[in-house]
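Have a look at the sequence and the model, then read on.

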Amino acid sequence: ADASAGDASVDGGAEAGPLLDGGGDATATANGDGGSLPGDSDVAPGGVLVAHPLRFDEDLRAIWGSGPNDVWVVGAKGRILHWNGKTLAPRLSGTVKDLDGVSGRGPNDVWFAGDGVVLQWNGTAVLDRTPPEHPGAKFHAVSGSPDGTAVYVAGDGGVVVREQGGAWSSETTPAGLNVRSLWAGDNGLVWAVGDQGQALKRT
């Protein structure tokens with residue numbers, strides 16, 4: 001969904017700087033040695049992924065990408081990282097709240113959800129899109145429908161909200177369910193799962 005004119009921008013749109021916290025070459029990348037991020041050569045025989053620690057203290061909690069040159073990572077304390085095919089660099093999120101979920105419908109429409117905050121990257125800037133009816137909700141998951149008609153965000157206390165046409169609305173769910181993950185399909189189809197073996201389906 002396109003951001004409305006009243007949305008507040010919390011990012012200038014450019015990469016926030018090189019990956020390495022200590023500065024240095026702006027092309028420095030995640031393995032910390034000035035080289036590029038792991039590629040196919042860094043997959044061990046049998047398809048086992050090789051660990052490549054990043055130079056950040058925050059826990060990283062979710063990842064989504066539209067393709068090999070557009071990958072987003074989110075984590076604690078408002079951490080957002082973006083891989084552009086050459087460099088994994090931080091972006092300013094405008095918040096220090098924990099981010100638990102990321103999903104998108106393309107390189108210019110990426111959504112982030114966390115502790116009382118929902119953000120959107122619209123291709124130029126990160127915008128604050130937090131639903132006004134749920135300013136303190138702890139969100140864990142976000143998913144955009146492939147047909148581009150809606151974005152769903154879910155979290156503790158059975159909160160599931162839908163953004164459609166620039167407006168938010170709430171879904172009816174069991175109030176005691178903490179939703180941990182959800183997936184949105186076309187034509188209003190949504191699956192959500194949470195604590196104590198609970199699952200929800202919207203059709």
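Predicted model: local features only at pLDDT ≥ 70, side-chain atom pairs only at ≥ 80, totals over all residues.

## Starting at an exposed loop

Lysine 77 is exposed, at 58% relative accessible area (exposed means over 50%, buried under 20% and partly exposed in between, using a 1.4 Å probe and protein chains only). You'll find lysine 77 in the loop between strand 5 and strand 6 (80-83); strands are DSSP runs of E, at least two residues long, numbered from the N terminus. Its phi is near 60°, a positive value in a residue other than glycine. Most residues other than glycine have a negative phi.

Asparagine 187 also has a phi near 60°. This residue sits in the loop between strand 16 (179-184) and strand 17, and with a relative accessible area of 72% it counts as exposed.

Residues are numbered from 1 along each chain as its sequence is written, and side-chain values use heavy atoms, leaving out hydrogens and water.

The average pLDDT is 81, and 77% of the residues score at least 70; pLDDT is the predictor's confidence in each residue, from 0 to 100. Over residues 1-36 the pLDDT falls below 50, yet this stretch has 79 contacts in the model beyond near neighbours in sequence (a contact means heavy atoms within 4.5 Å).

How many aromatic pairs does the structure hold? There are three, where a pair means rings of Phe, Tyr and Trp (its six-membered ring) with centres within 6.5 Å; planes under 30 degrees apart are stacked, over 60 edge-to-face and the rest tilted. Tryptophan 72 and tryptophan 121 make a tilted pair, 5.6 Å centre to centre with 45° between the planes. That pair links distant parts of the chain, since tryptophan 72 is in strand 5 (residues 70-75) and tryptophan 121 is in strand 10 (residues 117-121), 49 residues apart.

Tryptophan 72 is buried at 1% relative accessibility, and tryptophan 121 is buried at 5%. Trp72, Phe112 and Trp121 form one aromatic cluster.

The largest nonpolar core has 13 residues, and Trp72, Val74, Ile80, Val102, Val110 and Phe112 touch the most other members. Such a core is a set of buried Ala, Val, Leu, Ile, Met, Phe, Trp, Tyr and Cys residues joined through side-chain atoms within 4.5 Å. Strand 10 gives the most to this core, with three residues. A second, separate core has twelve residues, including Ala141, Ala154, Val160 and Val190.

## An enclosed strand

Five of the five residues of strand 13 (residues 151-155) are buried, so the strand is largely enclosed by the rest of the structure. Val151, Val153 and Gly155 are buried on one side, with Tyr152 and Ala154 buried on the other.

Strand 12 (residues 139-144) runs antiparallel to strand 13, joined by five bridges; strands pair if DSSP finds at least two bridges between them. These two form a hairpin with six residues between them, and glycine 148 in the turn has a positive phi of about 80°. Strand 13 also pairs with strand 14 (residues 160-164), antiparallel over four bridges. Here valine 151 stands opposite glutamate 163.
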